[in-house]
Every structure is written in structure tokens, then in C-alpha cells.
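Reader: I've got the coordinates loaded and would like to talk through how the chains meet. Shall we go interface by interface?

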Amino acid sequence: PICPNRSGCQVSLRELFDRAIILSHYIHSLSSEIFQEFDAQYSQGPGFFTQAISMCHTASISTPAGKEQAQQIQQKDFVILVIHLLGSWTKPLSHLITEARRLPKAPDALIAKATEIQEQNQRLLEGLKKIGKLVDPEIIDNGNYAVWLGLPSLQSNDLQSLLFAYHNLFRCLRRDTHKVDNYLKFLKCQIAYDGSC
Amino acid sequence: ESPPGKPIISKCRSPEKETFTCWWKPGTNGGLPTNYTLTYYKEGENIIYECPDYNTSGPNSCYFNKKYTNLWTIYVIRVNATNNMGSNASDPRFVDVAYIVEPNPPQNISLEVKQPEDRKPYLWIKWFPPALVDITSGWLILQYEVRLKPENAAEWEVHFAGQQTHFKILSLYPGQKYFVQARCKPDHGFWSKWSPVTSIEIPSDINMSD
Amino acid sequence: ESPPGKPIISKCRSPEKETFTCWWKPGTNGGLPTNYTLTYYKEGENIIYECPDYNTSGPNSCYFNKKYTNLWTIYVIRVNATNNMGSNASDPRFVDVAYIVEPNPPQNISLEVKQPEDRKPYLWIKWFPPALVDITSGWLILQYEVRLKPENAAEWEVHFAGQQTHFKILSLYPGQKYFVQARCKPDHGFWSKWSPVTSIEIPSDINMSD
């Protein structure tokens with residue numbers, strides 16, 4: 001029997017990264033769409049949501065602000081960081097999917113897209129853990145995710161507070177999925193292409 | 001009466017990189033009722049699983065739906081034949097879903113002769129990706145080929161269209177009937193079959209010179 | 001004489017996801033020498049900073065170099081106009097640096113008609129990424145589009161080239177002069193402007209049919 005790829009019977013690190021990046025790119029595109037669609041559907045005038053900006057629950061995960069900072073981080077720590085960032089969205093997304101039915105104007109398209117993001121996130125998380133094992137066997141996902149305490153705000157009876165909560169959640173989702181996508185594309189070049197794609 | 005012959009895993013195919021099916025050819029049955037099971041493990045694990053669905057893809061097959069299809073690992077698959085006299089296992093088959101993609105053909109091919117004022121007429125060919133394939137996520141990127149030939153010609157003229165779902169044919173014979181087909185292929189993987197033939201008659205009065 | 005008019009922050013842009021610049025349009029100066037300062041604070045902080053560099057990007061601009069650029073935070077930016085009669089501040093501009101990336105156009109486009117023995121001739125287009133952009137680290141990933149049209153044609157024919165820095169055009173009109181341009185876009189961001197036009201004349205004697 002011939003193994004599909006010559007490097008032995010496993011999917012190569014380069015291929016794992018390529019597949020992960022297809023998913024991370026897609027997840028971020030969906031997250032951007034859901035953020036814009038929510039804004040278009042629920043904003044009540046220009047600047048309505050600017051007062052909604054507040055800290056993301058993942059702010060506790062320190063992430064590199066630019067390329068030079070990214071180049072200072074150990075690859076193993078960077079992979080763990082990405083796993084934690086992505087893993088921190090499992091809980092909020094599943095609650096969002098259940099609670100979003102409360103939103104006015106039948107947000108079925110929104111819920112469908114959030115469900116697709118949740119599914120792809122889980123798929124990507126599985127892949128990142130596989131990548132982690134190949135990068136450094138010591139990398140284990142200890143489930144040390146950022147704590148999310150936003151459920152009560154998704155159940156608020158005050159419409160403005162409810163809309164502000166969802167807006168900020170979608171804004172943070174867009175930002176964090178962009179971070180994951182950006183970091184994976186960077187890590188692929190650093191790890192699987194020896195620093196130069 | 002004897003133990004069964006060695007089965008052979010003949011083909012594994014994924015139509016859209018989300019699910020896949022493996023088929024096998026039974027060996028001799030040793031003159032006895034013989035039972036077949038497909039078992040597999042995933043590289044990096046040592047749990048042995050059994051085929052989740054022996055029916056969806058027909059006889060002597062195992063279908064792995066989305067839930068059972070893992071994008072990150074290689075499946076090591078065997079088929080085991082067993083009868084009262086003993087059993088016999090196939091050679092292992094190594095499967096990475098990204099490398100066994102053979103899509104269905106493109107669909108809904110449409111043909112039109114366009115006659116722009118400022119340029120020569122051309123045949124405009126358009127088609128759609130195969131059904132049930134998600135190409136928006138970027139997970140499956142399809143490339144296309146079209147081929148055409150005049151009705152009585154022996155040979156096809158083949159054109160690679162990249163990821164586009166349309167193509168422009170410049171050199172045409174007025175009054176001729178043309179047959180057209182399209183097929184597609186993922187970045188890693190196999191060409192689909194050619195789509196059914198579509199045909200068009202080029203008007204005799206079109207002016208092919210400048 | 002009167003206080004200055006209200007300035008407007010007209011554009012903020014990052015060319016390579018590492019630095020960014022904001023430009024503003026002054027309001028009326030009230031007939032007096034008017035001074036402009038740009039101040040900002042970052043999401044989740046309440047420290048007010050002043051623009052670190054008013055010069056690098058030319059008049060009425062503020063340049064944030066790598067040290068001052070955080071890709072993942074919102075900058076709330078205002079421009080303040082002040083003269084002896086008073087001052088006037090612009091509306092705040094919320095800048096999410098990750099979403100203002102607009103690269104410069106690709107450079108050094110080269111065109112060549114290739115005539116391989118066994119296949120049809122084609123136009124080979126090649127280009128380089130914009131200057132001063134690091135695309136090897138993976139921090140910024142660019143995708144490209146090329147467009148071309150015969151000299152007198154009204155419409156451009158646009159082709160998506162993905163991350164490649166070359167493209168092959170198959171259907172060509174012999175003897176025709178073609179104009180070609182390229183542009184680029186980060187994976188999540190805005191298209192650059194089109195590059196300057198490059199042109200090529202397709203030899204009249206090339207044989208386009210098989």
C-alpha cells in the first residue's frame with residue numbers, strides 16, 4: 001500500500017496548516033458577514049452602536065499587536081494561544097445560537113450563520129490540536145479558555161442592552177476570528193516554511 | 001469448503017471533500033456463506049472502529065458521512081471476510097479525504113453565440129459547479145476544462161478554464177453544429193466524468209473576419 | 001475673524017497591516033492662523049495621546065509607525081483646530097486598524113506572448129507585489145486581479161489570479177494591441193488602485209487555432 005503522501009502515514013504539517021487556514025479564512029469571512037448583517041438589521045441610526053463597544057471576554061488572552069511582537073513569541077506558546085483564543089468561543093457561540101431566538105425580526109439567517117461558524121470552529125479546533133501535537137508533543141489543550149460571563153446580557157429584557165450585547169459579541173467574534181486567521185497564516189510560514197513563504 | 005479469499009478494497013472516493021465511500025471486491029467465498037466487515041483506525045490513534053454505514057452507497061461499500069469524515073488524519077482501512085472455516089483480511093488502504101476527491105460533473109451548461117459590434121463573434125460557454133458542492137467556503141476549489149468539436153469531427157478541442165465557470169471560443173465555423181462538454185477537478189484529486197453533451201448550431205451568416 | 005471651522009477626518013489607511021495613516025480636511029480657518037492637532041485614545045483605555053508624527057505622510061496627516069500601531073484595538077481619533085478666537089473638534093473617527101488595509105498596486109508588470117510548439121499561443125502576464133510589503137512572513141497575504149482589453153474595446157476582461165504573481169491569457173486576437181493592469185487586495189481588506197497601464201501588440205501571424 002502506498003501512503004497518500006510520501007512523508008509517511010500522516011497528514012503533513014504543511015497540509016494541516018493549509019487546511020486549517022482554509023477554515024480560519026472562511027470562519028472570519030462568516031464572522032464579518034454576521035457582524036455587518038446584525039448591524040444592518042438592528043442599528044437604530046448612525047453611531048448607534050459606538051456606545052456598545054466594551055471589552056471582549058478574550059481580552060485576558062494576551063495577543064501580539066503586530067508582526068514584530070508576533071515574531072518574539074515561541075512557536076509552541078503561539079499555537080497554545082491560538083487554541084485558547086478559538087476555544088474561548090465554544091461556549092458563547094452555543095449560547096448565542098440558543099438565545100438569539102429572543103431577538104426581534106426573526107433572525108433565522110443570523111442563527112444559521114452562527115451555527116455554521118460554531119461547526120467550523122469545532123472542526124478547526126480539532127485540527128489545531130493535531131497541529132499542536134506535531135509542533136510540540138507537550139502542547140495539550142488544558143481547556144484554559146477565557147471565561148465568558150455574557151449569558152445574562154443575552155437574556156436582557158431591555159432591547160437596547162440586548163442589542164448592545166449582541167453587537168459587542170459579534171464585534172469581538174469578528175476580531176478574534178481575524179486574529180486566529182492572521183496568526184495561522186503567519187505560523188504556517190514560520191513553522192511549515194521555515195520563516196519564509 | 002475453505003476459508004474465504006482475500007477481499008480487495010477497489011476504490012475510495014469523495015465527491016465533495018466532506019464525505020467519502022470505499023468499495024471492495026469480495027474474494028472467493030470458499031463455498032460457504034461469507035460475511036464482510038470494514039474496520040478502520042485513524043493514524044495517531046489505536047482505537048479500531050467499524051464501518052458506520054454499509055447501505056447508503058450500495059453493496060460491498062462503506063459510507064462515511066460528514067460526522068465520520070475527519071479532515072486532519074489518515075484512515076487505515078481493512079475489509080475482513082469471514083465464514084465458518086476462517087477469515088481473511090484485505091491489505092490496508094490508507095485514505096486522506098483531501099486526496100480522493102472525484103467530483104460529479106459540472107451542470108447546466110449553456111451556449112450562446114455572441115456578436116459584439118467592435119469585435120469578432122465568439123461562442124460563450126457557461127456552466128455551474130456540480131450539485132451539492134459548497135465552493136463558497138474555499139474548502140473545495142474546482143478547476144474546469146471544456147471541450148468542443150464540430151459534429152463530424154473526430155477529435156475534441158480541449159480548453160482549460162481555470163476556476164472560471166465560463167469560457168470564450170473565438171475560432172468558429174459558420175453553419176456548423178458543435179458539441180460541447182465540461183468537466184471539473186479539485187486542486188488535489190481526480191477529474192470528474194465529462195458532463196452530458198450540449199450542442200449548438202453556429203448561424204451561417206455570422207461574419208468571422210474583422 | 002472667527003473660530004476655525006470643523007475639520008473632517010477624510011481617510012485612514014494601512015498599506016501593509018503594520019503601520020497606518022489618517023488624513024484630515026481642514027475647515028475654514030476663520031481668517032486667522034489655525035493650528036491642527038490629532039488626539040486619540042484606545043478602546044478600553046482613557047489616556048489621551050497625541051499624534052506621534054505629523055510629517056511622514058505629508059500635510060494634514062498623522063502617521064502611526066509600527067511601535068504605535070496595534071492591529072487589534074479600536075483607535076478613537078479626533079482632529080482639533082485652534083486659533084486665537086477658539087477651537088473646533090472633528091467628529092470622532094473609530095479606526096479598527098485590521099480593517100483599513102489597502103495596499104499599493106502591484107509593480108513591474110511584464111507581458112510576453114509565448115508560442116509553445118505543442119500548444120496554442122498565450123499571453124504571459126507577470127508582476128511583483130507592491131514595494132515595501134513583506135509577503136513572505138505570512139503576516140500579510142495578497143491576492144491579485146488582472147484585467148485586459150483590446151485597444152478599442154469598451155469593457156475590461158477581469159481575471160482573479162489568487163495569490164499567484166502571473167497569469168496566462170489564452171483567447172487572443174492576432175494583430176491586436178492589448179492594455180493590461182493588475183491590482184491586489186489583502187485576504188481581508190480593500191483592493192488597491194489598478195497599476196499603471198502596460199500594453200503589448202499581439203503578432204498578426206500567430207496561429208490561434210490548433
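Reader: Okay, how many residue pairs are in polar contact between chain B and chain C?

Author: Bear in mind that this is a predicted model, and that both residues of a pair must have pLDDT 80 or more to be counted here.

Reader: Which element of chain B gives the most residues to the side that touches chain C?

Author: Two strands of chain B, E12 (157-162) and E13 (166-169), each supply at least two residues of that side. The one that gives the most, with 3 residues, is E12(B).

Reader: And how do the residues on that side of chain B divide by type?

Author: Chain B puts 12 residues in contact with 13 residues of chain C. Sorted by type, the chain B side divides into 4 nonpolar, 3 polar and 5 charged.

Reader: What area do chain B and chain C bury between them?

Author: On the chain B side, Arg119(B), Lys168(B) and Leu170(B) lose the most area to chain C, together 44% of what that side buries. Carbon and sulfur atoms carry 54% of the total for the two chains. That total is about 960 Å².

Reader: Which residue of chain C meets Lys168(B) in a salt bridge?

Author: The rule finds 1 salt bridge across the interface of chain B and chain C. Lys168(B) is also among the three chain B residues that lose the most area to chain C. Its side chain sits at 2.8 Å, N to O, from that of Glu157(C).

Reader: Over to chain A. How many salt bridges does it make with chain C?

Author: One of the contacts pairs the side chains of Glu18(C) and Lys67(A), at 3.2 Å, N to O. That distance is within the 4 Å cut-off, so the pair qualifies as a salt bridge. The count between chain A and chain C is 8.

Reader: Which helix supplies the largest share of the chain A side?

Author: Across this interface there are 16 residue pairs in polar contact, both at pLDDT 80 or more. Helices H1 (13-42), H2 (67-72) and H7 (159-192) of chain A each supply at least two residues of the side that touches chain C. The largest share, 12 residues, comes from H7(A).

Reader: What area is buried between chain A and chain C?

Author: Here 29 residues of chain A are in contact with 23 residues of chain C. Lys67(A), Arg175(A) and His178(A) lose the most area on the chain A side, together 28% of what it buries. Carbon and sulfur atoms give 56% of the total, which is about 2300 Å².

Reader: Last one: which residue in the turn of the E3(B)-E4(B) hairpin has a positive phi?

Author: E3(B) pairs with E4(B) in the antiparallel sense over 2 bridges, and Thr39(B) stands opposite Glu50(B). The hairpin leaves 6 residues between the two strands. In that turn, the residue with a positive phi, about 90°, is Gly44(B).

Methods. Residues are numbered from 1 along each chain as its sequence is written. Chains are lettered from A and ligands numbered from 1 in the order in which they are written. This is a predicted model: local features need pLDDT of at least 70, side-chain atom pairs count only at pLDDT 80 or more; totals for chains, interfaces and linings use all residues. Side-chain values use heavy atoms; hydrogens and water are left out. Contact means heavy atoms within 4.5 Å. Buried area is the accessible area (1.4 Å probe) that two parts lose on being put together, summed over both. A polar contact is a pair of N or O atoms within 3.5 Å; within protein, one must be able to donate a hydrogen and the other to accept it, and residues adjacent in sequence count only if both atoms are side-chain atoms. Helices (H or I, at least four residues) and strands (E, at least two) are DSSP runs, numbered from the N terminus. Ala, Val, Leu, Ile, Met, Phe, Trp, Tyr, Cys and Pro count as nonpolar, Asp, Glu, Lys and Arg as charged, and the others, Gly among them, as polar. Two strands pair if DSSP finds at least two bridges between them.
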